[in-house]
There are 2 protein chains.
Amino acid sequence: MKHYIKHHSWHIIEEGFDPNLNRISESLFSLGNGRMGQRANFEETYSGDQHQGTYVAGVYYPDKTRVGWWKNGYPEYFAKVLNAPSWIGIQIKIGKNELDLNKCKVTDFKRTLDMKRGVLHRTFTATLPDGKQVQVDAQRFCSMADGEVGAIRYAVTPVNFSASATITLSVDADVVNKDSNYDENFWNEVAKEAKSGLALVTVETKKTFFHVTTAITYSLHSAGKAVKGKVKVNKLEKYADNVVSIGLKKGIEIVIYKYAAILSSENHSKKKLADTAKKKLKASADKGFDKLIDAHASVWANVWKKCDINIDGDVAAQQGIRFNIFQLMQTYTGDDARLNIGPKGFTGEKYGGSTYWDTEAYCLPFYLGTSDPAVAKNLLVYRYKHLPRAIENAKKLGFTNGAALYPMVTMNGEECHNEWEITFEEIHRNGAIAFAIFDYIRYTGDEDYLVDFGLEVLIAISRFWSQRITFSAEKQQYVMLGVTGPNEYENNVNNNWYTSYIACWTLGYTQKALEYVRKKDTSKVSKLLSKIKFNEATEISRWKDIQAKMYFGEDKQRGIYLQQDGFLDKELLGMKDLRKEDRPLNQKWSWDRILRSCFIKQADVLQGLYLFDDQFDNDTIKRNFDFYEPMTVHESSLSPCVHVILASKIGYKAKAYEMYLRTSRLDLDDYNNDTEDGCHITSMAGTWMSVIKGFGGMRVKDGTLHFNPYLPDQWKSYSFRIDFRGRVIKVTVAKSNVETILESGDPLEIVLNDKQAKLT
Amino acid sequence: MKHYIKHHSWHIIEEGFDPNLNRISESLFSLGNGRMGQRANFEETYSGDQHQGTYVAGVYYPDKTRVGWWKNGYPEYFAKVLNAPSWIGIQIKIGKNELDLNKCKVTDFKRTLDMKRGVLHRTFTATLPDGKQVQVDAQRFCSMADGEVGAIRYAVTPVNFSASATITLSVDADVVNKDSNYDENFWNEVAKEAKSGLALVTVETKKTFFHVTTAITYSLHSAGKAVKGKVKVNKLEKYADNVVSIGLKKGIEIVIYKYAAILSSENHSKKKLADTAKKKLKASADKGFDKLIDAHASVWANVWKKCDINIDGDVAAQQGIRFNIFQLMQTYTGDDARLNIGPKGFTGEKYGGSTYWDTEAYCLPFYLGTSDPAVAKNLLVYRYKHLPRAIENAKKLGFTNGAALYPMVTMNGEECHNEWEITFEEIHRNGAIAFAIFDYIRYTGDEDYLVDFGLEVLIAISRFWSQRITFSAEKQQYVMLGVTGPNEYENNVNNNWYTSYIACWTLGYTQKALEYVRKKDTSKVSKLLSKIKFNEATEISRWKDIQAKMYFGEDKQRGIYLQQDGFLDKELLGMKDLRKEDRPLNQKWSWDRILRSCFIKQADVLQGLYLFDDQFDNDTIKRNFDFYEPMTVHESSLSPCVHVILASKIGYKAKAYEMYLRTSRLDLDDYNNDTEDGCHITSMAGTWMSVIKGFGGMRVKDGTLHFNPYLPDQWKSYSFRIDFRGRVIKVTVAKSNVETILESGDPLEIVLNDKQAKLT
């Protein structure tokens with residue numbers, strides 16, 4: 001835990017420079033625009049500890065798998081997001097000294113992330129080794145108005161001297177990934193250019209052959225007038241720059257505007273990449289920094305209009321929730337179905353930047369509630385496009401007949417993960433992908449999604465469950481053996497209740513989907529069923545048989561569902577029995593001890609009760625919550641939010657708030673000591689859900705929006721906005737009353753605290 | 001499967017040179033003497049595919065662990081046997097051409113391993129690229145009379161030419177390990193020497209700082225007279241040699257004798273290593289090849305006297321069983337309690353050359369039955385010496401109070417393995433180490449072993465079980481959760497019957513051991529119990545409680561023990577349901593599919609029924625055998641022998657013989673396509689047990705030797721020898737009669753076919 005971030009409702013603020021916190025701040029102050037992202041590395045040279053990170057969406061490298069003991073079925077590669085060429089470099093040399101905060105005395109250091117406008121701002125005064133003082137004021141952004149453009153305003157004022165100086169404006173593609181299995185360099189140089197007013201480097205990923213062109217230009221100003229210095233250009237291995245010599249005059253500010261265009265072959269033909277980049281660069285520079293930043297900020301203003309959450313009476317909570325929304329919105333903008341949301345977004349490269357079930361279970365509800373339906377739809381289409389590879393993946397594991405197993409971790413649809421207990425057994429992810437289709441349709445009403453995309457995916461997943469579930473002659477029931485549930489502190493268990501439940505649910509929903517599509521478009525359904533060789537009679541009859549005879553572990557005496565077979569044979573301890581030095585378990589206990597213990601990493605049975613809460617009464621939820629929650633150590637960032645939502649539903653307000661505190665400032669306060677690797681982007685969606693579905697009690701039932709809101713005791717009031725079927729609805733919850741306002745769109749029937757209401 | 005080895009009762013024979021079989025032959029024709037070993041690499045240069053291997057017992061390197069996903073508790077290192085400096089090199093250059101079988105036409109190639117005398121013999125005719133033909137006749141051995149000495153007789157005859165030639169006699173320490181995690185070189189050079197008649201290199205292992213000195217000398221002879229050539233010497237990085245120039249005369253044989261001394265700092269002070277090596281070398285050369293080989297062969301003659309098995313009417317079986325005995329005897333001679341038996345012995349470096357539970361479960365009975373009791377005792381003392389590290393290992397996993405968990409894989413007592421489901425969960429190995437103490441005492445009668453060593457180990461292991469077993473409030477019984485049994489095709493299961501059984505047995509045996517030691521030496525036991533802070537009242541009362549209330553899974557209807565909880569929920573298929581293309585499962589099926597299936601890698605419940613067969617009636621064994629054997633795929637080389645023994649006991653003669661065939665020629669016929677990595681040394685002891693305990697029905701009950709022998713239908717007769725408490729007993733089993741002869745030692749009462757008999 002750290003508490004160095006200053007509380008402020010719209011800004012993230014760091015005051016004073018502490019090199020030991022630098023990697024954390026680099027993560028927290030990251031910028032992105034859905035197309036690219038940039039950790040908060042310094043523009044000027046920094047020889048101290050840092051983790052450079054520039055990321056271009058959709059560009060990855062298949063890193064050769066590293067494994068201790070190979071198991072048959074493991075993938076050959078782990079597709080990883082790449083640290084891409086850096087476009088931010090502005091190196092300042094004054095006399096013989098380079099401006100390098102690691103070698104200067106630094107005062108008045110302040111870093112601010114303006115979340116309202118999406119701008120990173122940094123000011124400081126540096127005293128060089130020879131006593132010269134410079135003041136710097138740097139702003140930058142990755143344009144939300146044009147995802148391929150970034151811009152920097154970097155102002156330097158010599159405080160106590162006049163001297164000649166050089167300013168180097170670079171593109172540096174000689175970068176490495178922190179997360180590389182064999183310390184390989186992932187980029188090859190394709191071309192470079194350096195002339196006065198331009199530096200450009202095009203590189204290519206090894207193996208995948210993506211091209212990325214990074215081009216920069218710049219202008220210098222002083223007292224409102226352009227400054228022209230003497231320009232030298234350099235071209236080195238994967239590197240190009242312009243070195244501008246100028247004279248600095250005491251007290252006179254020099255302002256450097258640096259513009260960058262970052263284009264990839266995902267969006268342009270390789271041949272035209274450099275030319276297109278240069279055109280885009282010129283257009284940006286012609287517009288100038290102020291116009292660019294205005295266009296950028298106005299996109300942010302529109303974003304906030306739909307999704308802001310306002311908390312009155314708790315600045316820390318206010319800052320926390322906005323930070324979560326801000327990071328999500330700059331990670332994924334939803335205009336490209338080839339993209340998805342890595343666990344660290346654009347704030348780091350850990351976990352390979354790949355797609356997990358987090359997307360469906362956590363991020364989808366966020367984008368549904370805050371963005372145009374097209375955004376959420378693209379997340380679904382992403383998986384639809386990967387269906388052939390999910391089928392291929394299942395085949396590799398011995399499944400047949402078009403059964404699909406979506407990967408645990410993926411970039412392009414192929415499985416990347418290589419831990420047998422996860423890769424092969426944490427198959428509940430397949431259920432999350434099916435559920436996401438239901439969740440999307442429930443929220444948007446877009447049932448036709450089933451016709452074009454949904455049904456095919458659902459059948460393939462149902463086919464997987466149908467084969468993965470086997471009949472126990474002993475029990476005379478169906479069982480699911482050898483799985484790992486969401487609680488990864490259990491491996492290779494039998495009859496994980498959550499997985500079995502979502503599997504049976506999928507079988508049922510697939511049948512409903514088939515009925516709907518058949519009514520809607522008979523010829524389309526026939527074509528599909530014949531394409532996938534669907535034997536309706538035998539396949540569906542098996543599904544129904546499984547639904548009827550599936551085994552679910554239960555403890556009737558306690559009135560709870562059993563997380564898995566044998567759970568009650570464990571020593572049933574609680575968090576209260578753990579000593580401080582045992583936590584976190586995953587760093588302190590050996591793996592077998594964790595597995596044998598009753599302690600739960602993240603919601604498992606409760607994850608099911610959360611997803612399907614309309615199928616269980618409150619007493620059932622309460623009994624299971626009372627049993628499982630005290631054993632839950634929440635060592636996954638995805639855990640607390642589910643508990644906020646369930647606790648809210650069953651009236652455990654104090655517990656809900658306690659859990660909320662764990663999620664909302666997870667990164668800002670570096671709760672798990674790992675923010676230096678990047679922010680927990682996907683779990684941020686859980687924080688949003690905690691407020692909307694937890695405190696706000698938002699649900700969609702039969703196409704109608706329901707709210708059952710309450711106010712945490714610690715707050716004066718809060719309000720949130722929801723984008724629902726073309727409307728923006730603002731809900732304000734105060735001590736004495738709840739107000740719902742239709743901010744835009746057609747009138748709407750809602751249910752507030754179980755009573756019908758009409759919003760006009 | 002391959003069938004290129006010619007059948008012969010005492011020789012292993014390869015005729016004709018097939019480069020594709022070379023690595024397999026290098027393994028099969030390996031030599032060793034308990035102190036060092038040498039794969040059957042060629043003396044002369046060979047540029048074709050080969051796997052060079054020279055091994056020095058007790059010298060290892062801690063190779064940094066390689067792992068995909070780190071789990072807390074994993075060891076940092078995997079201690080590995082090293083490929084040591086090669087002493088065999090005799091490079092021949094004739095004119096401009098080097099003798100290199102990869103570049104010559106090779107005819108009349110024959111490789112013979114004389115198992116009776118322990119000598120490798122190779123003859124061939126090579127036609128060099130320029131048409132010159134040479135005949136070579138090479139013999140070598142690693143002396144059983146002096147474990148630090150090796151010698152070669154290499155005779156060269158120019159068939160169709162006279163020419164000048166050079167003969168290089170080298171020591172080459174510039175060697176690499178095939179099995180290295182990070183392609184590191186494990187040796188540093190310490191010193192070297194090269195002068196006429198001597199080449200010597202001393203190297204040091206990185207990190208562990210073992211020193212090994214390899215020194216060679218030689219002499220050349222022709223027509224019975226010494227030949228002196230012109231000598232040049234070379235010293236290169238980790239390399240030294242003598243290059244002798246001589247004239248070859250058509251039809252005249254030149255005989256090269258090369259002598260080597262290989263000494264390690266395990267047995268000599270580092271300072272004196274080179275001098276001692278030189279002295280030993282001189283003494284060897286002074287004796288000469290013939291005397292050395294005679295001394296060596298006479299040790300082998302004595303070995304065979306005690307342990308030979310003779311099979312009449314089946315040369316393939318005869319060759320197979322002798323090969324197994326031969327390999328075991330040259331791997332471990334039992335004079336040094338610091339040494340043990342790696343899975344590949346001195347025939348390869350796979351599995352790190354480290355110690356597994358194979359030693360206790362398989363090898364110990366072999367050495368008990370064939371060697372002086374001191375040999376078996378040293379295997380036990382090896383573990384006694386590692387007790388502090390086994391306690392340390394358990395502590396790392398969260399156990400307290402002096403509980404010991406012996407490692408799965410080790411060189412010096414520290415755990416090396418890094419797969420959580422094995423390292424942390426395959427804990428039945430601890431039971432094997434306790435059982436070995438019982439087994440040793442049962443066979444030798446040396447109960448005093450408990451006083452000096454045994455009890456302390458037993459208590460530490462019992463303390464482990466006592467903590468690892470927990471009480472299930474649900475069952476009101478004790479359970480053991482999260483284990484992997486001998487059948488490694490199940491991971492992280494609950495209540496593995498075998499593990500629970502051997503654990504409870506340990507608790508009981510430890511109490512008996514304590515009683516014995518207390519009677520024998522009260523002061524010693526008091527000292528021990530106070531040293532280890534044994535709280536007799538509470539600890540033993542818990543042990544007794546566990547023994548009384550331990551849960552064992554059973555299917556009463558079938559009358560079988562359950563391998564683990566939930567086993568009957570599986571689809572109960574048999575080997576007959578597997579297609580040929582499914583085998584071996586571990587190469588064809590993904591890991592999860594193997595885990596979910598009922599198929600069994602190696603005896604598990606049956607392993608328990610084998611070890612404790614006097615505690616179960618034949619009907620119980622039969623029912624369990626009938627249930628489990630048909631699901632057993634025997635994909636571990638340790639599996640078939642257990643089935644031979646049990647099948648023999650319950651009268652399944654055909655099944656016993658079928659299983660015997662799988663084990664006896666496993667390496668000779670390259671059954672698993674992996675002999676190129678080395679021979680399956682530890683499972684060879686299982687083959688011996690198959691004959692002695694299986695066909696021969698040998699048991700020791702209450703200090704008395706029992707035999708219940710039968711003759712497999714396929715054989716005319718067989719005989720075996722047993723070393724038992726100072727006697728050598730020969731048992732001959734023919735169609736009509738069984739003969740038992742006391743070949744040496746005092747008269748002895750035995751039980752033959754359940755009848756008392758006296759051997760005189």
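Visitor: With which residue does Arg117(B) form a salt bridge?

Guide: Bear in mind that this is a predicted model. A salt bridge needs a side-chain nitrogen of Lys or Arg within 4 Å of a carboxyl oxygen of Asp or Glu. Here Arg117(B) pairs with Asp114(B), and their closest N and O atoms are 3.8 Å apart. Arg117(B) counts as partly exposed because its relative accessibility is 32%, whereas Asp114(B), at 15%, counts as buried.

Visitor: How many residues apart are Lys570(B) and Glu490(B)?

Guide: These two residues form a salt bridge with closest N and O atoms 2.9 Å apart, and the pair links distant parts of the chain, 80 residues apart. Lys570(B) sits in the loop between strand 25 (560-561) and helix 14 (585-588), and Glu490(B) in the loop between strand 23 (477-479) and helix 11 (497-520). Both residues are buried.

Visitor: Which residue of chain A does Glu419(B) pair with in a salt bridge?

Guide: The partner is Lys71(A), with the closest N and O atoms 3.0 Å apart. Glu419(B) lies in a loop of chain B and Lys71(A) in a loop of chain A, so the pair joins two chains. Glu419(B) is buried at 12% relative accessibility, and Lys71(A) is buried at 8%.

Visitor: Is Asp336(B) buried or exposed?

Guide: Asp336(B) is buried, with a relative accessible area of 8%. Its side chain makes a polar contact of 2.8 Å with the side chain of Arg338(B), and among the residues that Asp336(B) touches are Arg35(B) and Asn267(B).

Conventions
Residues are numbered from 1 along each chain as its sequence is written. Chains are lettered from A and ligands numbered from 1 in the order in which they are written. This is a predicted model: local features need pLDDT of at least 70, side-chain atom pairs count only at pLDDT 80 or more; totals for chains, interfaces and linings use all residues. Side-chain values use heavy atoms; hydrogens and water are left out. Buried means under 20% relative accessible area, exposed over 50%, partly exposed in between (1.4 Å probe, protein chains only). A polar contact is a pair of N or O atoms within 3.5 Å; within protein, one must be able to donate a hydrogen and the other to accept it, and residues adjacent in sequence count only if both atoms are side-chain atoms. Contact means heavy atoms within 4.5 Å. Helices (H or I, at least four residues) and strands (E, at least two) are DSSP runs, numbered from the N terminus. Lists of a residue's contacts leave out its neighbours within four places in sequence.
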